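Open the structure in your viewer and keep the selection tool at hand. Each stop below says what to select and what is there.

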Amino acid sequence: MFAEYDVIVVGAGHAGCEAAAAAANLGSKVLLVTMNMQTIAQMSCNPAMGGIAKGQIVREIDAIGGYSGIVSDESMVQFRMLNRSKGPAMWSPRSQNDRMLFSATWRKMLENTPNLDFYQDTVQSILVKDNKARGVVTGLGNQIKSKAVVITSGTFLNGIIHVGEKKFGGGRVAEKASTGITEQLVLLGFESKRLKTGTPPRIDGRSIDYSKMEEQKGDEIVSGFSFLDTRKPDRQLSCWITYTNSKVHDLLRTGFDRSPMFTGRIEGTGPRYCPSIEDKINRFADRERHQLFIEPEGWNTVEIYVNGFSTSLPEEVQYEALRSVPGFEHFKAFRPGYAIEYDYFPPTQLKHSLETKLINNLFFAGQINGTTGYEEAACQGLIAGINSHQTINDLEPFLLGRSDAYIGVLIDDLISKGTEEPYRMFTSRAEFRTLLRQDNADLRLTEKSYHIGLASHERMKKVEAKKLNVDLIKNTLASFSVDPVDSSEYLTSRNSAPLLQKQKAIQLLLRPDLDLASMTASIPGLSQEIGQFPEEIITQAEIQIKYDTYINKEKELVQRMAQLENLFIPETFNYDKISALSAEALQKFKKVKPRTLGQASRISGVNPSDIQILMVYMGR
């Protein structure tokens, strides 16, 4: 009935969609198996993409040739570049999206991807032979063979939904959980644990009084995520901000005795950086209010997402408390918030390619690895999809280091340190964040992807043109002399000291109170030289000039760190022979099996002295 596939992807969430697209676009024959064809790329929680550090990840996915950036651009209802008041390393793109359009756009792109088939069914187990993944067994009893399997199960593995004292099986509201895979993998020797996440109630926007809230509009200029020329909205929807208060907190506390979080019915650990509202008021009892973001779900719906009010309290407690939030006095609910707990597999059981260490040709991506967020899932799916193709074709794995991408930081963190709570990316996790900016993701990653055949020729040509044009601008500024008389009015308007003699434009730009766009528009002759370049190119040139010293310092640090990253540890290395290692280091090395000394140095509990000892023995 079924032909043999090169790659089978289990699950069609953000990770599964990126994995299927990547493997298929590289030339593998791919089957995407999903429990429900109507929920492909479903935004299970908030209708938004990007944000701090997450926006950098979406741009990296796009630079490599993934689809998340394109889909986000074509389904956005609002766009904002966050952290503009800070340095460019902190700028983070974020979009509000039309939930239904996002899913429909993803499905359309997948259906137009050659080599990609779909099948609606559950997957109950993995076919394993000679320690290799060989396909899947579905709920209908079908055996579908393949050369590799990518599991992207999201929150569905033995998922349990909690609303107050009620609980029932499910991977998402109104969707059944997936059973069988965890049990089989545990029998094969994998370790599994439980995590928890949650979602807020959904509200009828017609019943909200927006006059009591602060309006939050989108940016006037919509740059978006994709480095390709994607379609952007010609208008935007507003979001709104309101706040909880002491009365809301008191009402929420009345349900704590029936909260599955506080009564022990939820075993899984929840996300520290995106806690439920009851967790917030319990942990931060001194806070008088908490901010809520009121987010539209799309162009053609009145449904509203109450960002910041995630909860698993009883329905009546949720609603009574919410009615005391300004603007929600007369709201009508579409459905209550709920918590969901699910199985995951500690990611120290993976290689950097996201292939499992125990079973060859079996890959994990997304929440099965302990992450939270669409963006974190999508980038893992992309890497797992690429490497499933690379592995079955005996090609070198596609690996990203910590100095290459936020994606590299995320994967290295997961594999080296593991996680006991849902992992979320932050800019602070990246030690080389001056290099890993959202504006240069294409310059960093597209060529790497182009060499393996994923990034298109169109993308590569755009990168080459960008590099050329940025260099042209930098060379022009280095040779263009600014006259004191011609620049006097402009510098005065910017509260910047006037020139006493001619100065090269590139030197003038180093002043913190000046920017290249205003210089180009105000200084005679400069507009003719560089005014024809797009804003993206001008901004890139300005960043490279202004932050040149910091960028070079970070590159030097990367080179020094590379010495450890290039010292590879054989897979067969016997750590038991090193009696001088600390007991904790010995235990961690044997469990994680670090690939390099650099990775070994980042394992939690490993001391510098352990690395020195390891280096000595490797030298022997």
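Angles under 35 degrees count as roughly parallel, over 145 as roughly antiparallel, 65 to 115 as roughly perpendicular, and the rest as oblique. Angles run from 0 to 180 degrees between N-to-C directions, and axes are lines fitted to C-alpha atoms, for helices over the stretch in contact. Helices (H or I, at least four residues) and strands (E, at least two) are DSSP runs numbered from the N terminus.

This is a predicted model, where local features need pLDDT of at least 70, side-chain atom pairs count only at pLDDT 80 or more, and totals for chains, interfaces and linings use all residues. Residues are numbered from 1 along each chain as its sequence is written, and side-chain values use heavy atoms, with hydrogens and water left out.

**Stop one: a helix pair.** Select helix 6 (residues 246-253) and helix 8 (residues 315-322). They pack at an angle of about 170 degrees, with axes 8 Å apart. Helix 6 and helix 8 are therefore roughly antiparallel. Now show side chains: Val248, Leu251 and Leu252 of helix 6 meet Val317, Glu320 and Ala321 of helix 8. Contact means heavy atoms within 4.5 Å.

Stay on helix 6. Val248, His249, Leu251 and Leu252 are buried there. Buried means under 20% relative accessible area, exposed over 50%, and partly exposed in between (1.4 Å probe, protein chains only). Seen down the axis of helix 6, its buried residues fall within an arc of 165 degrees, so they line one face of the helix. The arc is that of the directions from the helix axis to the C-beta atoms. Helix 7 (277-283) and helix 8 are among what covers these residues.

**Stop two: Leu32.** Select Leu32 in strand 2 (residues 30-34). Leu32 is buried, at a relative accessible area of 0%. Gly11 is 21 residues away along the chain, yet its C-alpha atom and that of Leu32 are separated by 7.0 Å. Gly11 is also one of the residues that Leu32 touches, and others include Val9, Leu110 and Phe118.

Move to the loop between helix 9 and helix 10 (406-417), where Leu400 is found. Is Leu400 buried or exposed? At 11% relative accessibility, Leu400 counts as buried. Its contacts include Ile64, Ile383 and Leu445. Next, pick Ile407, which touches Leu400, Ile57 and Cys379, among others.

Conventions: Lists of a residue's contacts leave out its neighbours within four places in sequence.
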